[in-house]
Amino acid sequence: MSNATTIHNVIPRADIIKHAARLGAEIKNIRLSDELSDEVIRAISRLLLEHKIIFFRDQRHLDDAEQQCFAIRLGSLIPCPTTRTTKGASTPEMALGRRSGPADQMHVDVSFGDACPKISVVRGAVIPPYGGEIVWSSTAAAYLALPEPLRMLVDNLWAGRCNAYDYTVAGRATEADKNHFDDVFTGTIYETAYPVVRVHPETGERMLVIGRFVQHFVGLEEYSSQKLFDLLQSYLTAPENTVCWSWRLGDVAIWDNRATEHHTVNKSGDQHRVVGRGAIDGDGRRSKPQAPRAA
């Protein structure tokens, strides 16, 4: 039974519209809330595994608290250090926050830690009249696109990662963004090593996972690492492996953070943009963490 058939069985009016060949689908005629049945939540989870990123338009009824209640139905919430949290949000149960600075370099959320979030749930709370689109890439499609000699190389390759890479405030950063980055994001420096190719724990797909937290490839000098990084990144950013979403107020995007990389298309200038964000707990330790060091 296909996932489309399954969702229609539990929500007959639901429509699934693909937005790109290799990832991304919009799910229509569903009102997100924590009151959705277990069957509907399971159907949404299956669609997420299939499409890797799913979109829901016009969920303006959600506020931060209601978004949090819905997100908890998908798994345990964890704090996201890249997010400027709302007042009083200091525990995993209050992990939703607001973020305005554009992350305009391709990345995986919090991939420098020993286990990055499994799922991200983002809601458009304040959307500028233009700009601010987000592009997602399928890491599984990127891996399959590699020529066989490159696959053999990356299958045994490890990447050193560090949260000191300032991907959120490069370029046009406000003083508040810089202070937030210094105080919260790099207050402690984490260095880890990850395999470049990972196997998705639920689908079994092999995935090419790099992103801008990569500092070097283990065993390679800086120049060789940069050249190889640029080559591999070209497969992740190839148009056929990506999908782009133009935000409207109240839109919700849910993506599999294990199977995608993403970045913001920074065309909105200094216009204000705020998103409510929830991060769902991951699949356990998948790295070789080195001891954290003070910034």
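Guide: A salt bridge here is a side-chain nitrogen of Lys or Arg within 4 Å of a carboxyl oxygen of Asp or Glu, and by this rule the count comes to 7 salt bridges. The model is a predicted one, in which local features need pLDDT of at least 70 and side-chain atom pairs count only at pLDDT 80 or more, while totals for chains, interfaces and linings use all residues. Residues are numbered from 1 along each chain as its sequence is written, and side-chain values use heavy atoms, with hydrogens and water left out.

Visitor: How do you know that Glu-205 forms a salt bridge with Lys-52?

Guide: The closest N and O atoms of Glu-205 and Lys-52 are 3.3 Å apart, and because the rule asks for a distance within 4 Å, the pair qualifies. Glu-205 lies in the loop between β12 (197-199) and β13 (206-208), whereas Lys-52 lies in the loop between α2 (38-51) and β3, so the pair ties together parts that are 153 residues apart in sequence. The names of these elements follow DSSP runs numbered from the N terminus, with helices (H or I) of at least four residues and strands (E) of at least two.

Visitor: Why does Lys-52 count as buried?

Guide: Buried means under 20% relative accessible area, exposed means over 50%, and partly exposed is what falls in between, with a 1.4 Å probe and protein chains only. Lys-52 has 5% relative accessibility, and therefore counts as buried.

Visitor: Is Arg-258 buried or exposed, and what is Glu-202 called?

Guide: Arg-258 has a relative accessible area of 4% and is therefore buried, and Asp-256 is buried as well. Glu-202, at 47% relative accessibility, counts as partly exposed.

Visitor: Why is strand β7 called largely enclosed by the rest of the structure?

Guide: In strand β7 (residues 119-126), 6 of the 8 residues are buried, so the strand is largely enclosed.

Visitor: How do you know that β7 and β16 pair?

Guide: Two strands pair if DSSP finds at least two bridges between them. β7 and β16 have 5 bridges and run in the antiparallel sense, and β7 also pairs with strand β18 (residues 274-280), again in the antiparallel sense, over 7 bridges. Arg-123 illustrates both pairings, for its bridge partner in β16 is Val-252 and its bridge partner in β18 is Gly-276.

Visitor: In which sense do β1 and β2 pair, and how many bridges join β2 to β3?

Guide: Strand β1 (residues 15-18) and strand β2 (residues 25-28) pair in the antiparallel sense over 4 bridges, and they form a hairpin with 6 residues between them, where Gly-24 in the turn has a positive phi of about 95 degrees. β2 is joined to β3 by 2 bridges, and these two strands run parallel. Glu-26 takes part on both sides, standing opposite Ile-17 and opposite Phe-55 in β3.

Visitor: What is the phi of Asn-29, and why does Asn-29 count as partly exposed?

Guide: Asn-29 has a positive phi of about 65 degrees although it is not a glycine, and it lies in the loop between β2 and α2. Its relative accessibility is 37%, and so it counts as partly exposed. Asp-58, in the loop between β3 and α3, likewise has a positive phi, near 55 degrees, without being a glycine, and its relative accessible area of 46% makes it partly exposed.

Visitor: Why is His-262 called buried?

Guide: His-262, which is found in strand β17, has a relative accessible area of 4% and is therefore buried. His-262 and Ile-134 are 128 residues apart in sequence, and their C-alpha atoms are 6.8 Å apart in space.
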